[in-house]
Amino acid sequence: AFFDWMAKNRYNRLLTWMSCYEKIKELGLLPQLEKRGISLTVGHHQAIFTFLPPFGSKAFSTKYCDEHPDYFRLKEDGTRYRPTDLTDFDGQWLLCGRNEECLQTVADNILLWLEQNPLVDTIAFWPNDGKQEDCCCDECSRYSKTENYLYFNNELSKKIARVRPDVK
């Protein structure tokens, strides 16, 4: 009924959290969106944990907190940020924004995920809520948190566009 309402009211895009998208998919409702011509923007605050899961996931088995702690922001005390669980949104911009290996891994993971989720044409790679400090590594500390976030997302967009120019 909700998808019918959207279509009747000329809504042609659904922006949703990753967990909501997975539930829609699990319930077998993606064909209903496709039938009505409703496109999907998926991501929101859960995007980082989806495409770089700290503890592994169904989609990506790598436990990035353990295997690549350098992908996460360096704190002022010299330790790396480590989420406590999947509801830990403390940290706002969780990643080391200038780590090129991290950037490539996220791009590769998004591209792989998109192959398995062809109705999604836009990824919303948002930071989490909060006002925590930025990464303190030598590279990131030269820039503001906003500049590091924009750099990461712009480079991520370029990497994805080279392979999937149809995806925003």
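**View 1. Helix H2 gives the most to the lining of the largest pocket.** In this predicted model, H2 puts 4 residues into that lining. The largest pocket has a volume of about 450 Å³. Helix H2 covers residues 18–26, and it's joined by helix H4 (47–51) and helix H6 (100–116) as the elements that each give two or more residues to the lining.

**View 2. Here's the middle of the largest pocket, with the residues nearest its centre.** A set of 17 residues lines this pocket. Nearest the centre you'll find Met18, Glu22, Phe49, Thr50 and Ser57.

**View 3. Now for the second largest pocket, with a volume of about 170 Å³.** Two elements give two or more residues each to its lining, namely strand E3 (120–125) and helix H7 (145–163). Of the elements here, H7 gives the most, with 5 residues.

**View 4. Time to meet the residues that line the second largest pocket.** Ile110 is one of them, and so are Ile123, Ala124, Phe125 and Trp126.

Terms used:
Residues are numbered from 1 along each chain as its sequence is written. This is a predicted model: local features need pLDDT of at least 70, side-chain atom pairs count only at pLDDT 80 or more; totals for chains, interfaces and linings use all residues. Side-chain values use heavy atoms; hydrogens and water are left out. On a 1 Å grid over the protein atoms alone, a cavity is a set of points where a 1.4 Å probe fits but cannot get out, and a pocket is an open set with protein on both sides within 12 Å along at least five of seven lines; lining residues have an atom within 4 Å of a point. Grid points are joined across faces, edges and corners, and a volume is the space filled by probe spheres set on the points.
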